[in-house]
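Please keep the sequence and the 3D view at hand while reading.

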Amino acid sequence: MERHREMKNIPIILMGCGGVGRQLLQHIVHCRTLHANMGIHLRVVGVCDSKTVLVTSDVLSTEFDDALLINICKTKSDRLSLEKCFDSGKCEASSYSEFRRKLTDIAARLGFVLVDCSASSETIEVITQTVKLGCCTVLANKKPLTGPMEEFDQLFLQPRRIRHESTVGAGLPVIASLNRIISSGDEVTSIVGSLSGTLGYVMSEVENGKPFSEVVKAAKDLGYTEPDPRDDLSGMDVARKGLILARLLGQRIDMNTIKIESLYPDKMGPGTMTLEDFLANGLPLLDNDIKERVKKASSDGKVLRYVCILRNSTCIIGIHEVLKDSALGRLKGSDNVVEICSRCYEHPNPLVIQGAGAGNDTTAAGVLADIIDLQDQFPFTNTGK
């Protein structure tokens with residue numbers, strides 16, 4: 001007699017086939033047995049990058065098989081190679097605008113999870129459309145959450161159908177922990193966090209007496225920074241994370257209200273100085289200032305950390321002196337650490353969340369956990385197994 005087992009089939013459309021997106025597909029494939037034991041099957045029915053969208057020919061009954069997903073993981077993400085990963089008879093290729101037009105039809109036929117692992121600010125429209133259609137979305141991309149307040153409000157019309165843990169601390173449970181505190185009625189009084197693995201590494205290394213310029217170049221060589229380190233040194237990435245946390249606390253603010261300290265002056269910006277000139281001639285000019293700030297902090301028994309501070313309805317991003325024996329002061333390498341103070345977690349004993357806060361593997365794992373966390377939005381179906 002054939003035994004029937006109830007399974008939750010969760011269709012997934014992935015936007016962004018860069019490092020995080022490819023790592024996510026790899027995690028999905030490798031976790032098949034684990035998820036099957038949980039009664040869950042993740043069906044990847046669509047994959048897209050900035051140039052093209054590939055969707056299975058019949059989203060109701062077909063999915064991209066694991067061999068093809070692994071092929072994506074091994075392939076550089078561009079239109080030609082992405083399309084070569086698939087049998088053209090089993091999928092439909094279209095442009096991004098065509099995909100948006102098809103989305104309503106797809107949503108009418110099945111519920112799905114739209115996953116944004118891109119780094120684009122242009123995905124906001126399709127994500128908002130997905131939310132309005134009653135489907136779910138998971139974000140690793142911070143930009144859709146840090147635009148105008150009106151766009152943020154639209155994304156949270158159905159808060160149980162959106163997850164974005166990996167936008168702040170990669171795989172660290174920062175947002176989940178914060179939401180639990182808020183939902184319990186516990187009032188958050190402050191959040192202080194080192195939210196950049198890159199800048200955490202830089203600050204802990206200059207603390208040991210190394211010149212700022214040498215540390216930044218070493219971080220670039222290690223792959224800790226963006227190709228242009230000024231993308232990290234500007235503080236904008238940390239500011240986006242801070243804005244997301246501030247909005248979760250109920251602060252109706254935009255990016256222009258946040259005070260951001262850049263680690264280089266405007267005259268060394270990408271618009272006025274080439275990357276080569278910045279690395280060779282600009283960076284060394286910043287060494288003395290950082291050295292003096294390290295020296296001053298040390299004389300006060302403190303160390304420098306590049307942090308995000310949320311307190312008294314304000315958000316400040318920049319270098320601050322912290323006590324050496326605090327969680328932030330003890331931070332080494334590229335880890336992230338967040339201290340949350342509230343009525344239940346009063347200073348000097350805040351809730352401390354610490355661990356790897358960067359990397360494709362860690363971020364993709366956080367995205368996958370978010371997808372699984374949405375399982376209650378999908379029904380069980382009987383499968384003959």
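In this predicted model, arginine 230 is placed over the face of phenylalanine 278, and 4.9 Å lie between arginine 230 and the ring centre.

A pair of aromatic rings is described by the distance of the centres and the angle of the planes. The structure contains three aromatic pairs. One of them joins tyrosine 201 and tyrosine 224, whose centres are 5.0 Å apart and whose planes stand at 80 degrees to each other. This pair is edge-to-face, because the angle of 80 degrees is over the cut-off of 60 degrees. Tyrosine 201 belongs to helix H10 (residues 197-206), whereas tyrosine 224 is found in the loop between helix H11 (212-221) and helix H12 (230-233); the pair therefore ties together parts that are 23 residues apart in sequence.

The two partners can also be described by their accessibility. Tyrosine 201 has a relative accessibility of 12% and so counts as buried. Tyrosine 224, with a relative accessible area of 36%, is partly exposed.

Attention may now turn to a glycine. Glycine 185 is located in the loop between helix H9 (174-183) and strand S8 (188-194). Its relative accessibility is 48%, and glycine 185 therefore counts as partly exposed. Along the chain, glycine 185 and arginine 343 are 158 residues apart, while a distance of 9.5 Å separates their C-alpha atoms.

Terms used. Residues numbered from 1 in each chain as written. Predicted model: local features only at pLDDT ≥ 70, side-chain atom pairs only at ≥ 80, totals over all residues. Heavy atoms only, no water. Phe/Tyr/Trp six-rings, centres within 6.5 Å; stacked < 30°, edge-to-face > 60°. Helix = DSSP H or I, 4+ residues; strand = E, 2+ residues; numbered from the N terminus. Buried < 20%, exposed > 50% of the residue type's maximum accessible area, 1.4 Å probe, protein only. Lys NZ or Arg CZ within 6 Å of the ring centre and 35° of its normal.
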